[in-house]
Amino acid sequence: MKSTSRAAEISRAVNTAQTSARSVMIETLARIEANNGRVNAFTDILGERAMARADRVDADVKAGKPLPLAGVPFGVKNLYDIEGLPTRAGSRINRDAEPARTDAALIARLEAAGAICVGALNMDEFASGFTGENAHDGPVRNPHEIGHMAGGSSAGSAAAVAAGMVPLALGSDTNGSIRVPASFCGVFGLKPTYGRLSRRGMFPFASSLDHPGLVGRSVEDLALSYDALQGYEADDPAMVKRPMEAVSGRLERGSAGLRIAIAEGYFGGDSEVRAMMDAVAEGLNVARRITIADAQAARAAASLITMAEGVALHLERLRTQADAFDPEVRDRLLAGALLPAGWIERAQKFRRAFHGQMLKLLETVDVILVPAAPMRAPRLGQKTASFGGVEMPIRPNLGIFTQPFSFVGLPVVAAPIAPPGDALPLGVQAIAAPWREDFALRAARQLEKAGLAQAPVARGFAED
Amino acid sequence: MAPKLPDFDQWIDAMASVVGLEITPEQRPGVKANLKTAAKMAAVLEKAPVRPETDPAPVYRA
């Protein structure tokens with residue numbers, strides 16, 4: 001049993017008394033202590049609390065209580081409430097907020113399944129950004145190449161998992177904030193359907209786009225955790241009351257019987273990205289190619305709505321303490337306050353139309369595959385890059401492939417595709433119809449079985 | 001609806017006072033850059049097919 005084991009392996013070992021949650025936790029905390037300085041993923045470490053919970057898990061296992069995630073350590077993006085800590089959401093401003101009185105709903109759900117929260121993770125300020133460069137806590141570094149971006153905004157979540165400090169982490173995704181860092185750091189990410197998981201106890205960004213989700217190092221781990229996270233909570237108005245739809249038992253069907261297509265056109269990408277998609281097509285034996293009309297407009301509309309909803313949340317703070325914001329985030333929020341209402345209303349009308357269009361398309365195909373990010377992780381501090389041969393600013397453009405789908409709430413799995421040689425990872429998105437997380441996970445599992453998708457601990461962090 | 005080449009300084013001055021924000025000289029270049037991006041997005045959206053009578057979707061069920 002290694003501290004870099006996957007969640008399912010840890011849970012099996014704890015449940016069968018091959019190891020104890022206490023011993024897993026001691027190793028995990030030592031590993032975080034030894035490695036966090038290199039990647040800057042954790043902002044808070046809950047050693048005492050985690051050890052106390054580990055003892056409780058060991059007692060429960062001894063008493064014969066079934067725990068699907070027994071002793072599995074996990075971290076949470078620091079916009080999730082953790083009892084006793086101010087929920088900083090990557091900001092300086094929130095550091096003075098009152099400490100949270102209870103844990104966020106999803107932390108409580110994972111812990112009820114036997115998992116153990118070990119700390120809070122660094123992120124882009126107020127979840128507004130794709131780079132993981134935080135002006136207050138310092139940038140999260142990519143464990144595969146520490147001079148490069150981890151991607152954001154769930155930067156610490158992806159980096160902590162890629163560095164093998166924890167097998168699982170909770171994140172959130174408004175425009176791609178799980179899928180972009182998952183792609184940059186080479187880990188699996190799941191952004192379930194809008195309304196599937198509870199947002200109670202999460203600091204918001206753009207409410208009509210905010211999705212909770214998670215990252216891990218295997219599809220099995222995503223599925224196990226996702227099953228533990230499901231369940232209705234009354235305190236999130238976006239949540240839909242649905243029965244539990246467990247996916248863990250369905251993974252091994254892989255892509256059998258699934259109609260899969262690769263979307264091209266807008267989602268074409270540069271030559272490296274195209275080569276990855278060709279490998280995916282070959283590995284899954286997918287011949288069907290489709291185009292998604294109006295994807296560019298969907299991305300544009302998502303951006304405008306995000307600007308408007310984001311500033312509605314922060315306007316008062318911008319009036320009174322603008323200097324306390326990360327300047328990059330501040331200026332985008334300020335611009336959001338100045339937009340004509342007609343643009344936003346048009347974006348919302350288009351959203352209805354695009355939603356209908358996607359549902360219709362998803363009657364003819366079960367899983368759509370597109371790249372997760374337009375490039376490998378750029379260097380920290382890099383401001384511009386080539387997008388299809390045109391030099392463009394990086395910050396606003398890393399979400400071009402992710403935004404059209406979160407815009408209409410579709411479930412998506414991001415799967416890391418092993419790069420050739422020493423190159424940094426790339427990722428592919430598997431997108432399904434609303435509530436069909438199982439389809440997206442099965443396609444990702446097939447990629448994993450074919451040896452195409454894999455999430456090893458980053459080389460400099462692997463154990464012998 | 002989407003202006004082709006708006007005067008961003010004029011836009012900032014007019015709207016900021018309406019919403020009670022003061023845009024400082026330090027903030028102005030960043031705000032301008034973001035408004036420029038937003039204007040491009042609005043222009044893309046302007047060309048997308050939207051029937052005026054369509055219900056908007058600020059709260060929706062996936």
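## Two packed helices in chain A

In this predicted model, helix 7 (residues 219–229) of chain A packs against helix 13 (residues 437–449) of chain A at an angle of about 160°, and their axes are 9 Å apart. Angles over 145 degrees count as roughly antiparallel, and helix 7 and helix 13 of chain A are therefore roughly antiparallel to each other.

Helix 7 of chain A brings A:V219, A:L222, A:A223 and A:Y226 to the contact. From helix 13 of chain A come A:E437, A:L441, A:A444, A:R445 and A:E448. Six residues of this contact are nonpolar, three are charged and none is polar. An α-helix has 3.6 residues a turn, so residues three or four places apart point the same way.

## The sheet of chain A

Chain A has an open sheet of eleven strands, in the order 1-3-2-6-8-7-14-15-11-9-10, with mixed pairing. Its edge strands are strand 1 (42–45) and strand 10 (289–290) of chain A, each of which pairs on one side only.

Strands of a sheet pair through backbone hydrogen bonds, either parallel or antiparallel. Strand 7 (residues 188–191) and strand 8 (residues 211–216) of chain A run antiparallel and are joined by three bridges. In one of the pairings between these strands, A:G189 has A:V215 of strand 8 of chain A as its bridge partner.

## A helix across the sheet

Helix 4 (residues 105–112) of chain A lies across strand 2 (73–77), strand 3 (116–121), strand 6 (168–173) and strand 8 of chain A. Helix 4 of chain A runs at about 150° to strand 3 of chain A. After helix 4 of chain A comes A:G114, which has a positive phi, near 105°.

Which residues of helix 4 of chain A are buried? They are A:A105, A:L106, A:I107, A:R109 and A:L110. The cover over these buried residues includes strand 2, strand 3, strand 6 and strand 8 of chain A, and also helix 7 of chain A.

Chain B contains two helices and zero strands. Of its 62 residues, 26% are buried.

The contact between the chains takes 41 residues from chain A and 32 residues from chain B. On the side of chain B that touches chain A, helix 1 (8–19) and helix 2 (28–47) of chain B each supply at least two residues. Helix 2 of chain B gives the most to this side, with ten residues. By type, the residues on this side of chain B are 24 nonpolar, six polar and two charged.

Notes. Residues numbered from 1 in each chain as written. Chains lettered and ligands numbered in written order. Predicted model: local features only at pLDDT ≥ 70, side-chain atom pairs only at ≥ 80, totals over all residues. Axes fitted to C-alpha atoms, helices over the stretch in contact; angles between N-to-C directions. Helix = DSSP H or I, 4+ residues; strand = E, 2+ residues; numbered from the N terminus. Parallel < 35°, antiparallel > 145°, perpendicular 65-115°, else oblique. Contact = placed C-beta atoms within 7 Å. Nonpolar A, V, L, I, M, F, W, Y, C, P; charged D, E, K, R; others polar. Buried ≥ 20, exposed ≤ 12 C-beta atoms within 10 Å, placed from the backbone. Pairing = 2+ DSSP bridges.
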